[in-house]
Every structure is written in structure tokens, then in C-alpha cells.
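Please view the sequence and the structure first; the notes then follow by topic.

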Amino acid sequence: MNNIRAAITAVGHYVPEKVLTNHDLEKLVETNDEWIRTRTGISERRIMENGATSDMAVPAVQMVLKNRGITADEIDVIIFATVTPDMFFPATACVLQEKIGANKAWGFDISAACSGFVYALSVGSQLVETGAYKKVIVVGADKMSAILDYTDRNTCILFGDGAGAVLLEPSSDESLGVIDHKLYSDGTGGDFLYMKGGGSLNPPSHQTVEDKLHYIYQDGKSVFKVAVVGMADVSEEILKRNNLTGADVDWLVPHQANLRIIDATANRMGLDKSKVMINISKYGNTTAATIPLCLSEWWHAGKVKKGQNLILASFGAGYTWGAVYVKWAY
Ligand code: UT7
């Protein structure tokens, strides 16, 4: 038995400059700023006008490397969580590897929608814990604007574009790092949140375009009901199995899908709102990017300190959900 623990040792993020406000959306669909803010907590989101998902990941990872003072050729593995890969294949991890010059790394993509980052973090930390790899980059990035129907008010108001990344390394202090993770899937959720076109089930055709199968579909109400319970349940579970109470938690880092889901999770954990990372108002739901985007913004603002207890929690398409307990290492 080895006792290597994986720790997050650097964070980075990127959001495109273009801002799409609720008022801008009022001109595209029958909606209004007040409805969007009160039902979701979102005021604006970012839109990537030129370029693909990997182009947002490049500056996010470069920020990570700069933070840590290392070069891209020191990276061993790249795990890229996204549902908006640049293309079906090659993997966006490979595209990114070439763009940043990580010429010694191998990598792969993870498709777990809004839970992509917690899934990838869990896999990445286990690659470090085995002793096989010393520098694993975990990226969560999505260009949601590429798969949104800007005539569908049920979805286009919710999502935005962004990227976040972290570096995992063996922890120099075994008590710090990624302490625990608990992940779930439930394929029955596939009926409520999906994009059905383009794959082997519905290969692209004029018909799939006409039927709008290349866009996200979400039955918001059904997803809301399970998300609000699922995210709170798994957060409570991870506290219990690590003998923690809300009082021990310094930061809840929730997936940013809806402020009401975030509030319900914080309430169940007995957490004051001041201990919850929330930036949904500025970025909307950036799918795999929400959690690393929060981590990086809060760390760069000097608010995340060595030794603090962080609970990362998410719920998304699949269904997929999970939580990770991190004791911050730097
Ligand atoms: O991240 C992946 C996981 N996803 C989630 O966690 C999202 C979960 N779902 C949600 O966050 C919420 O269900 C939404 C924000 C998507 C919708 O909120 P809701 O409170 O569930 O609203 P609703 O869909 O029940 O719609 C309520 C009303 C409806 O009108 P009627 O039927 O009451 O007359 C909708 O037609 O609001 C209407 N509506 C809108 N009105 C203005 C729906 N979308 C809009 C809109 N602007 N954009």
C-alpha cells in the first residue's frame, strides 16, 4: 500500500469577453430579466464568438502553469471534461495537448455534462494516488453557445461559455489534498436532458437539423426536482462519511445551474451563504467549467487558504452527480 495523496497545486480559468445580458435575451425570446434572475440567479453570461472549446482551455491551462511555475512539457496527463468537444474525435484533450505543447502528455475526454469536472477530478486524483503520474491537468470547459437554440427560452437563458483547470500533484503533506469522492449515475435521467443529434443514433442529416436535434433539450422542471435532492443528498453524504458537519466546511463549491438548487444544498449542509462560492449571476451555467471557474476566481481573490475544507458538488445530465472533499493544499 502506498500512501500518496493527490493535491490541487494550481488553478486557472478563462471566460470570453463578450457578455450576453438578460436584456439582450429579451430581444431574442419571450423572456424578461426579472424572470431569469428570480428563477435562476443569472444576470449575464459569456459567449465565445470565435474559436472552439479548446481555445478557452488553452489560456485556463496556461494560467495554471504560470501559477505553478512549470512548463507544458512537464505535464503527464490531460483529462478534459466537456460536452462540447471541438469535434467528436480526436479528443479535445489531444487538441489541447498540441496547442499548449504538452508533448510528453497523454490524455482523454470525459463526458459527464455538469458533473464532468468532479468525475475528472476523481479519476485524475486516482492516477496520482497510484504513483503512476505526477502532474495531471484536469480541465472543465464548455462552449455551450455552440449547442443552444437561441429561439428556445427554456434553455438559451441558462447557459454560457467558459473554462477552468487545475493541476493535480502528489501532496507533500499527506493530510492535505483530495480526501474523498462519491459519484453517481442514473441513465433514466437521459429522457430529461439531452442532445440527440449527430451521434450514431441520429447521424447528421437535413432532418436532424430541421428537427433541431443538434441543440440541448431540457425538461427543466423534472431536472430541477431531482437536482435539488441529488446535490444536497451527496453533499450531506460526503460530510457524514468524513465525520464533518457544516461547521467544519470553509467553502461549498457547487455546480452553478440554478441559485435555488445551490441555496437548497447549502441549507441542507447548514451552511451560511458566505461560505458558498457563487458566480452564476455573471456566467450562468458553463457546464463542466462552473466548479474550476469558481475555484480559480476565489483562489486568485485570496479567499482560499491552505488547510481549508472544501466540498465540491454537482448534478447534471445523465443523470450524473457527485461530491468531492478537498483539503486545500496551498
Ligand atoms: O446543469 C444541469 C442540470 N440542470 C439543472 O439543474 C436545471 C434545473 N432546472 C431549472 O433550473 C429550472 O427548472 C428552470 C430555471 C429551467 C425553469 O424554472 P422553473 O421554475 O422550473 O420554471 P418552469 O419551467 O416551471 O416554468 C414556469 C413558467 C412557465 O409558464 P406557465 O406554464 O407557468 O405559464 C414557463 O412557460 O415560466 C415560463 N418560462 C419562462 N418565462 C419567461 C419558462 N422559461 C421562461 C423564460 N422567461 N425564459
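**The ligand and its surroundings**

In this predicted model, a polar side-chain atom of arginine 260 is found 3.1 Å from an oxygen atom of the ligand. On its own the ligand has 950 Å² of accessible area, and the protein covers 75% of that area. The ligand sits in the second largest pocket.

- The side chain of threonine 31 places an N or O atom 2.6 Å from a nitrogen atom of the ligand.
- The side chain of asparagine 258 has an N or O atom 2.7 Å from an oxygen atom of the ligand.

**Residues of the shell**

- The ligand is surrounded by 25 residues.
- The closest of these residues are Thr31, Arg39, Lys221, Asn258 and Asn285.
- Sorted by class, the shell around the ligand contains 11 nonpolar, 9 polar and 5 charged residues.

**Elements and domains that form the shell**

- At least two residues of the shell come from each of helix H2 (33–40), helix H7 (220–241), helix H8 (259–268) and strand S12 (309–316).
- Helix H7 gives the most to the shell around the ligand, supplying 5 residues.
- Domain 1 (5–174) and domain 2 (178–327) each provide at least three residues of the shell around the ligand.

Methods: Residues numbered from 1 in each chain as written. Predicted model: local features only at pLDDT ≥ 70, side-chain atom pairs only at ≥ 80, totals over all residues. Heavy atoms only, no water. Near = heavy atom within 4 Å. Polar contact = N/O pair within 3.5 Å; in protein donor to acceptor, adjacent residues only side chain to side chain. Areas by Shrake-Rupley, 256 points an atom, 1.4 Å probe, with all protein chains shown as cover. 1 Å grid on protein atoms, 1.4 Å probe; cavity = no way out; pocket = protein on both sides within 12 Å on 5 of 7 lines; lining within 4 Å. Sits in = over half its atoms within 2 Å of the grid points. Helix = DSSP H or I, 4+ residues; strand = E, 2+ residues; numbered from the N terminus. Nonpolar A, V, L, I, M, F, W, Y, C, P; charged D, E, K, R; others polar. Domains from an automatic or database assignment.
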